[in-house]
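Hello,

Here is the structure I said I would pass on. My notes on it follow below.

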Amino acid sequence: MGLGDIAAGLKVTAEQRDRGVAVVDAAGETLADRLEPYETALPCAPETAAAVFESFTGGKAVETAATDAGVPPVVAAKTLHLLGVDGVCPLSPQGRLIVRDWLEARVTRSEARELTGASETELQLAVFIETHDPPAGITEAIEPALTAGEQPLAANKEALSDTVTEPDDALTR
């Protein structure tokens, strides 16, 4: 049997479907409801924050998530940072160190901007990220939106437990 026989019946498509990231909310209440206690710490309403988060974790870019939620991209980036999402800072780790140096008065603002190569908006967002930590407990509020509710593999594992041996069993045979 050659490769041609193996590949018989396969076809190549020109595009793939974007299926996004699978997210199953395991909690009984909505993400917006769980964000209500943090309303004063967020730069937008809990419903908007939930929309930004769900869009972003669904595989969309920050700008697209912002557009979907009806907020400016900088508000979406601030929201995601406050929700504990990493990677929304527009600066490199070295750039963030320079911003910290500016915040500690080791370099001037113009030097920080020149050294980082950041635009005014990027620098302001980086400063926000360096000076604002996510509120205590907010990661627990969004965690159910990231975890699967039912664990189907656990049920399958139990059903197949008699057919699967322990790794040490293979050594004794």
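R113 and E120 form a salt bridge, with their closest N and O atoms 3.5 Å apart. A salt bridge here means a side-chain nitrogen of Lys or Arg within 4 Å of a carboxyl oxygen of Asp or Glu. R113 is partly exposed at 34% relative accessible area, and E120 is partly exposed at 28% (buried is under 20%, exposed over 50%, partly exposed in between, with a 1.4 Å probe and protein chains only).

This is a predicted model, in which local features need pLDDT of at least 70 and side-chain atom pairs count only at pLDDT 80 or more, while totals for chains, interfaces and linings use all residues. Residues are numbered from 1 along each chain as its sequence is written, and side-chain values use heavy atoms, leaving out hydrogens and water.

The structure holds 7 salt bridges. Among them is the one between R100 and E130, at 2.6 Å from N to O. R100 lies in helix 6 and E130 in helix 8, so this pair ties together parts 30 residues apart in sequence. (Helices are DSSP runs of H or I, at least four residues, numbered from the N terminus.) R96 is linked with R100 and E130 in a network of salt bridges. Another salt bridge joins R106 and E104, at 2.0 Å from N to O; R106 is exposed at 57%, whereas E104 is partly exposed at 46%.

E130 is also one of the buried residues of helix 8, which include L123, F128 and I129. What do the buried residues of helix 8 pack against? They pack against helix 5 (73–82), helix 6 (93–103) and helix 7 (109–116), where contact means heavy atoms within 4.5 Å.

Regards

Conventions: Helix = DSSP H or I, 4+ residues; strand = E, 2+ residues; numbered from the N terminus.
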